[in-house]
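Please keep the coordinates open while reading.

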Amino acid sequence: MSDPYRNGEAAATPDRMSLTTAATKDIFFDVEGYTAAILMSTGDNCYYPSERFTVGGYDWAVRFYPNQLGSHISILLVLLSEPKDGTVVGVRFGCAVLDRSGSPSAELWQSSSTVLSFYGEEWGFWRFAPRDVLEDPDYLEGDCLTLSCTVSVLRKPQLSSD
């Protein structure tokens with residue numbers, strides 16, 4: 001039986017696409033003055049926000065919590081738009097610490113997916129990394145820590161017309 005997609009010709013390398021992701025944005029954050037940021041943090045609820053950015057028709061920000069539980073940093077994504085038509089927003093969020101060469105660390109990264117349903121809802125990695133690991137010279141250069149985050153907003157599922 002012949003393959004209906006080949007038409008007797010050698011198969012070309014297929015294009016690759018996501019069936020779910022509608023839009024993706026990569027963002028780099030420098031935490032300059034890392035030591036002072038830790039010392040100025042007065043507790044678990046103290047954070048540094050990124051500037052607002054747009055992905056998939058929604059506004060977002062990343063929050064850097066430098067003193068979570070006194071020993072960890074947290075990286076959270078916050079939805080700064082109301083979901084459209086009262087629906088939820090599906091999002092995949094990933095974050096990695098960059099090493100001295102500018103490459104994402106194989107050990108210091110996390111990624112996960114969720115749905116958010118209201119303005120101001122935050123979600124992410126409450127125990128992203130222990131501070132003592134981040135303070136290694138491989139990651140902290142000139143008192144600056146660099147984070148690479150990726151936000152992917154999922155497209156809305158379609159209803160079958162069967």
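The second largest pocket holds about 200 Å³ of space; like everything below, this value comes from a predicted model. Strands β1 (21–32), β2 (48–49) and β4 (58–68) are the elements that each give two or more residues to the lining of this pocket. The largest share, four residues, comes from β1. The lining consists of Phe 29, Asp 30, Val 31, Glu 32, Gly 33, Ala 37, Tyr 48, Pro 49, Ser 50, Val 62, Phe 64 and Leu 147. By class, these residues divide into eight nonpolar, two polar and two charged.

The largest pocket has a volume of about 240 Å³. Of the 14 residues that line the largest pocket, Tyr 58, Val 88, Leu 154, Arg 155 and Lys 156 are the closest to its centre. Both β6 (89–98) and β9 (144–154) supply at least two residues of this lining. Seven nonpolar, three polar and four charged residues make up the lining of the largest pocket.

What does Ile 75 touch, leaving out residues up to four places away in sequence? The list is Val 62, Arg 63, Phe 64, Phe 93, Cys 95, Gly 124, Phe 125, Phe 128, Leu 147 and Cys 149. Val 62, Phe 64 and Leu 147, which are among these partners of Ile 75, also line the second largest pocket.

Gln 110 belongs to strand β7, residues 104–116. With its neighbours within four places in sequence left aside, Gln 110 is in contact with Phe 93, Gly 94, Cys 95, Phe 125, Arg 127 and Phe 128. Gln 110 and Phe 125 are 15 residues apart along the chain, and 7.5 Å separates their C-alpha atoms. Gln 110 has a relative accessibility of 25% and so counts as partly exposed.

The last stop is the loop between α2 (131–134) and β9, where Asp 143 is found. Asp 143 has a phi near 60 degrees, a positive value in a residue other than glycine. Its relative accessibility is 27%, so Asp 143 counts as partly exposed. Gly 142 is found in the loop between α2 and β9 as well. How does Gly 142 count, buried or exposed? At 76% relative accessibility Gly 142 is exposed, because the cut-off for that class is over 50%.

Terms used. Residues numbered from 1 in each chain as written. Predicted model: local features only at pLDDT ≥ 70, side-chain atom pairs only at ≥ 80, totals over all residues. Heavy atoms only, no water. Contact = heavy atoms within 4.5 Å. 1 Å grid on protein atoms, 1.4 Å probe; cavity = no way out; pocket = protein on both sides within 12 Å on 5 of 7 lines; lining within 4 Å. Points joined across faces, edges and corners; volume = space filled by probe spheres on them. Nonpolar A, V, L, I, M, F, W, Y, C, P; charged D, E, K, R; others polar. Buried < 20%, exposed > 50% of the residue type's maximum accessible area, 1.4 Å probe, protein only.
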